[in-house]
Amino acid sequence: MEGETLNLPFIDLSAPDRISTAKLIRQACLDHGFFYLINHGIDDGILKRVFEESRSFFCLPLQEKMKIERNSEHRGYTPLYSETLDPSVSKGDLKESFYIGPVEAQIDRNQWPPQEFLPHWRSTMECYYEKILNVGKILLSLIALALNLDEDFFEKVGALTSPMAFIRLLHYPGSPTISEDGSYGASAHSDYGMITLLATDGVRGLQICREKDNIPQIWEDVNHVEGAFIVNVGDMLERWTNCLFRSTLHRVLMTAQERFSIAFFLDPNSDCIVECLKSCCSETSPPRFPPIRSGDYLRERLRVTYSEKV
């Protein structure tokens, strides 16, 4: 069942009153699990270059892209239909993507396209990675305040010591006719980790379902806002907050027009223990989930998604 366009709240990262900003984030995470992030400090020129380099890569012949297919370290290219986010959908999703993991690590496990084809690709992605990671860390300090924690909470528990942070470049090639077999650009899912920051190119398609357990489900369009990131809460943060903050179901519809987006997943260090926050439980609301290592949790979610060991 389709709904109307959703008016998500705006969070201004440059606002001087951090406590007020944290309160706005808390309300957004309670109500929607999604919000727009503006005045984040990443200029349009950098984002434009990332989109241009992404388009250039996806325009390469398939045999070239497959030379750097996603490896066991979960880095590299994933072809069309290789991912099934919604197990009830018979066919994989109509999108291709490219994963870039931590670029600050002592050992670089990323796969990079050949310089002969894309001479500025790696430097562009490394520059963007550094900037978007910094934005994500600032945002997490505000989320900590929103949860009535010290603003450096996620640093103190080791979540931000070598975090598992990934850029995912996405290309939806578009379809001249809307499929009748239930195919999607990205089928209905919630993200697995802490938070996602998404940059979009203006082509429609993203929808969210605020009440994922309701039948029928009501889907609402999320508009592109120039210069803003679309931020959403992931399943791990929902688990950490004892379901206080919402991990919201979302999907990308197939359209006739091709679509590009850039997702940034900020997840904790793989050894970080995710357990119910003291500010999110009580005698009447006990912890719903046992403690778990972040890496173990994400590895299992990815294994199911790709139906193989990762």
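**Strand pairing, helix packing and a buried leucine**

Strand β8 (residues 206–209) pairs with β9 in the antiparallel sense, and two bridges link them. This description, like everything that follows, comes from a predicted model. Within this pairing, isoleucine 208 has glutamate 220 of β9 as its bridge partner. Both strands belong to an open sheet of four strands, arranged in the order β6-β11-β8-β9 with antiparallel pairing. The edges of this sheet are β6 (186–189) and β9 (220–221), each of which pairs on one side only.

Strand β2 (residues 34–38) is mostly covered, with four of its five residues buried.

Attention can now turn to the helices. Two packed helices are described by the angle between their axes and the distance between the axes. For helix α2 (residues 44–58) and helix α4 (residues 121–146), the packing angle is about 135° and the axes lie 10 Å apart. An angle of this value makes α2 oblique to α4. The crossing of the two helices, α2 and α4, is left-handed. On the α2 side, the residues that meet α4 are Ile46, Leu47, Arg49, Val50, Glu53, Ser54 and Phe57. Their counterparts in α4 are Trp121, Thr124, Met125, Tyr128 and Lys131. Sorted by class, this contact of α2 with α4 holds seven nonpolar, two polar and three charged residues.

Where is leucine 94 placed? Leucine 94 sits in the loop between β3 (76–78) and β4 (96–100). Is leucine 94 buried or exposed? Its relative accessible area is 10%, and since buried means under 20%, leucine 94 counts as buried. The surroundings of leucine 94 can be listed by name. Leaving aside neighbours within four places in sequence, leucine 94 is in contact with Leu80, Tyr81, Tyr172, Pro173, Gly174, Ser175, Tyr184, Gly185 and Met254.

Technical notes:
Residues are numbered from 1 along each chain as its sequence is written. This is a predicted model: local features need pLDDT of at least 70, side-chain atom pairs count only at pLDDT 80 or more; totals for chains, interfaces and linings use all residues. Side-chain values use heavy atoms; hydrogens and water are left out. Axes are lines fitted to C-alpha atoms, for helices over the stretch in contact, and angles run from 0 to 180 degrees between N-to-C directions. Angles under 35 degrees count as roughly parallel, over 145 as roughly antiparallel, 65 to 115 as roughly perpendicular and the rest as oblique. A crossing is left-handed if the near helix is turned anticlockwise from the far one by less than a right angle, and right-handed if clockwise. Contact means heavy atoms within 4.5 Å. Ala, Val, Leu, Ile, Met, Phe, Trp, Tyr, Cys and Pro count as nonpolar, Asp, Glu, Lys and Arg as charged, and the others, Gly among them, as polar. Buried means under 20% relative accessible area, exposed over 50%, partly exposed in between (1.4 Å probe, protein chains only). Two strands pair if DSSP finds at least two bridges between them.
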